[in-house]
Amino acid sequence: MALRSFDIDAPRWDQSTFMGRLKHFFNITDCRTAILPDSRLDEAKALVDSCRAGSIPPGTTEEQLHYAKKLYDSAFHPDTGDRMNIIGRMSFQVPGGMAITGCMLQFYRTVPAVVFWQWVNQSFNALVNYTNRNAASPITPKQIGIAYVTATSTALATAVGLNLYTKKAPPLVARWVPFAAVAAANCVNIPMMRQQEILNGISVTDENGNKLGHSKKAAVKGITQVVISRITMAAPGMIVLPIIMQRLEKYKFMQRITYLHGPIQVMMVGVFLVFMVPAACSLFPQRCSMAVSKLEPDLRDSIRSQYGDAVQHVYFNKGL
């Protein structure tokens with residue numbers, strides 16, 4: 001059935017609930033969308049833009065609009081509308097993350113291997129963090145470089161230090177070193193990559209999208225939620241999988257196929273990430289809110305003097 005009007009930006013699922021957000025992120029983190037050609041993504045964007053302008057092409061169905069919005073959300077930045085690089089998209093988190101995480105879990109015994117795979121992982125993370133930043137707060141190439149070097153150094157120092165420290169520890173403890181390094185690096189990488197938001201504040205609006213100012217406290221809240229989400233995304237695979245592999249490696253059939261341990265871990269990490277990427281992204285609403293009473297005094301007073309008690313909460317994009 002053709003449509004005359006359609007609110008394409010209206011949430012398809014209730015974003016105030018975890019299950020609603022989970023359905024949304026299962027939809028836009030679908031890794032099959034990562035292999036679509038740019039021309040197909042641009043067609044989807046054109047259809048979304050036409051719908052927003054109130055001009056829906058004749059014969060377009062609601063299902064076609066939903067699919068176009070799915071492609072748009074998976075490939076275009078919510079703030080700028082620009083097409084994101086493929087590696088930085090959330091739809092690439094499963095294939096990219098499973099390959100890198102699987103290798104980190106497999107090659108953890110020697111310092112050179114630890115250094116190389118932690119460097120690869122932090123390079124990947126830096127690109128993802130930059131791609132999914134709040135684009136209203138620009139960052140310079142120098143700041144990007146400092147953030148990248150700092151996060152990579154933190155990951156390497158944590159991984160190498162713990163790797164040496166756990167030489168005499170039980171084997172399972174050594175297998176958990178990559179997760180400790182990833183968690184430590186995320187606590188540095190994301191805030192550093194988005195330092196402009198912390199230093200200058202993040203753009204906040206009222207419920208209707210009217211800009212109210214910039215808030216550093218809102219930026220800290222949003223970035224903290226992203227850090228928690230990223231660590232949660234990695235935790236099950238990097239904590240549970242080493243336990244599974246340690247038990248499996250005791251069986252003779254596994255001892256005969258040691259050359260397959262790496263691919264097996266990559267595939268098993270993929271199984272975890274298929275569920276954990278959307279689940280972790282769903283922990284907190286994408287459109288984050290904060291009570292006006294918790295804002296900086298000058299911004300709070302400005303909002304109160306202009307709007308009185310009509311505005312009780314401000315809203316902002318926390319990024320991914």
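The UniProt record, an unreviewed entry, places the feature "transmembrane region" at residues 227-245 and 266-285. In the predicted model, residues 227-245 are 100% helix and 0% strand, and the C-alpha atoms at the two ends of this stretch lie 27 Å apart. Residues 266-285 are 80% helix and 0% strand, with a separation of 30 Å between the end C-alpha atoms.

On the side of helix 4, the contact is formed by Q93, G96, G97, I100, C103 and M104, while helix 5 contributes W117, Q118, V120, N121, F124 and V128. Classified by residue type, the contact of helix 4 with helix 5 comprises 7 nonpolar and 5 polar residues, and no charged residues.

The crossing of helix 4 and helix 10 is right-handed. Here Q93, T101, M104 and L105 of helix 4 meet M233, G237, M238, L241 and P242 of helix 10. This contact contains 6 nonpolar residues, 3 polar residues and no charged residues.

The handedness of the crossing between helix 4 and helix 12 is right-handed. From helix 4, the residues involved are Q93, V94, G97, M98, A99, T101, G102, C103, L105 and Q106; their counterparts in helix 12 are H261, G262, Q265, V266, M267, V269, G270, L273, V274 and V277. By class, the contact of helix 4 with helix 12 divides into 11 nonpolar, 9 polar and no charged residues. Q93 takes part in the contacts of helix 4 with helix 5, with helix 10 and with helix 12.

Charged side chains were considered separately. Side chains of opposite charge can pair when their charged atoms come close. The structure holds 10 salt bridges. One of these joins the side chains of R40 and E43, with an N to O distance of 3.9 Å. Both R40 and E43 belong to helix 2 (residues 38-52), where they are 3 residues apart, about one turn of the helix.

Conventions:
Residues are numbered from 1 along each chain as its sequence is written. This is a predicted model: local features need pLDDT of at least 70, side-chain atom pairs count only at pLDDT 80 or more; totals for chains, interfaces and linings use all residues. Side-chain values use heavy atoms; hydrogens and water are left out. UniProt positions are given in the numbering used here, feature names are shortened, and annotations may be inferred rather than shown by experiment. Helices (H or I, at least four residues) and strands (E, at least two) are DSSP runs, numbered from the N terminus. Contact means heavy atoms within 4.5 Å. Ala, Val, Leu, Ile, Met, Phe, Trp, Tyr, Cys and Pro count as nonpolar, Asp, Glu, Lys and Arg as charged, and the others, Gly among them, as polar. A salt bridge is a side-chain nitrogen of Lys or Arg within 4 Å of a carboxyl oxygen of Asp or Glu. A crossing is left-handed if the near helix is turned anticlockwise from the far one by less than a right angle, and right-handed if clockwise.
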